[in-house]
Amino acid sequence: MNIVLIGPPGSGKGTQGERVASQLGLDHIAMGDLLRAEIAEGTELGGEVAEYVERGDLVPDELILGIITPRILAAVAGNGYLLDGFPRSVPQAREARRFAEEMGAAADLAVYLDVPHGVLVERLLERARTEGRADDTPEVIENRLAVFEEATRPLVDYYRGRGLLEMVDADRPLEDVTADIIRLAEARGTPAPPRSR
Ligand code: ADP
């Protein structure tokens, strides 16, 4: 089973990604965590991506694809993936699909975590106070939300058009959100019943 989690900053992709992946035995691939790890380790790649992450802008696709492709391939050699933070634009989704279909690595389900705008801002500002993530300042939060609207939200129609989209109300207790995602995954993962003659 291969799942893509989509949602604005603050919608809980990271938290749900971890919970769902561990309960379903999938590889959790969190794009933001991978980028922050490169930056923290001071790699050459980390140096190239840092300015984008600090501003809350999208990192160029060729850098993103270079990081994510080997991880997707490793995940599909096992039980599958739960992607959080990738794809983040329609061009990224198209590019991923091009190689994924050749490798049997295409997504089976895309879950959109739906949270009202005001709640997102509150959650992000609260996280800024407690965790001190460098891109959780008010200006950068505003930019990340704007980038989401412009680049990432169009993925809703993209995945809906491919019959893969499910919306989940993510302004609820986190256990309830996890349970919904797992139920949707199980519904998709069950083979269709044999057709009666
Ligand atoms: P959030 O969704 O809460 O903003 P993430 O940890 O998913 O946080 O991402 C943090 C930052 O990493 C983004 O603002 C962006 O700069 C960069 N980033 C993450 N995923 C991608 C991607 N798929 N394409 C381009 N940039 C990305």
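Of the 21 residues around the ligand, the ones that come nearest are Lys13, Asp57, Gly85, Arg88 and Gln92; being around it takes a heavy atom within 4 Å. This is a predicted model, where local features need pLDDT of at least 70 and side-chain atom pairs pLDDT 80 or more, while totals for chains, interfaces and linings use all residues. Residues are numbered from 1 along each chain as its sequence is written, and side-chain values use heavy atoms, with hydrogens and water left out.

Let's look at who touches what. The table lists polar contacts, meaning pairs of N or O atoms within 3.5 Å.

| Residue | Protein atom | Ligand atom | Distance |
|---|---|---|---|
| Val59 | backbone N or O | nitrogen | 3.0 Å |
| Gln92 | side-chain N or O | nitrogen | 2.8 Å |
| Arg144 | polar side-chain atom | oxygen | 3.0 Å |

On its own the ligand exposes 550 Å², and the protein buries 96% of that (Shrake-Rupley areas with a 1.4 Å probe).

Helices H2 (31-41) and H3 (44-55) are the elements giving two or more residues to the shell around the ligand, and H2 has the largest share with four. Helices here are DSSP runs of H or I, at least four residues long, numbered from the N terminus. By type, the shell splits into nine nonpolar, four polar and eight charged residues, with Gly counted as polar.

So where does the ligand sit? It sits in the largest pocket, with more than half of its atoms within 2 Å of the pocket's grid points. A pocket is an open set of points on a 1 Å grid over the protein atoms alone where a 1.4 Å probe fits, with protein on both sides within 12 Å along at least five of seven lines; lining residues have an atom within 4 Å of a point.

Definitions and conventions
Polar contact = N/O pair within 3.5 Å; in protein donor to acceptor, adjacent residues only side chain to side chain.
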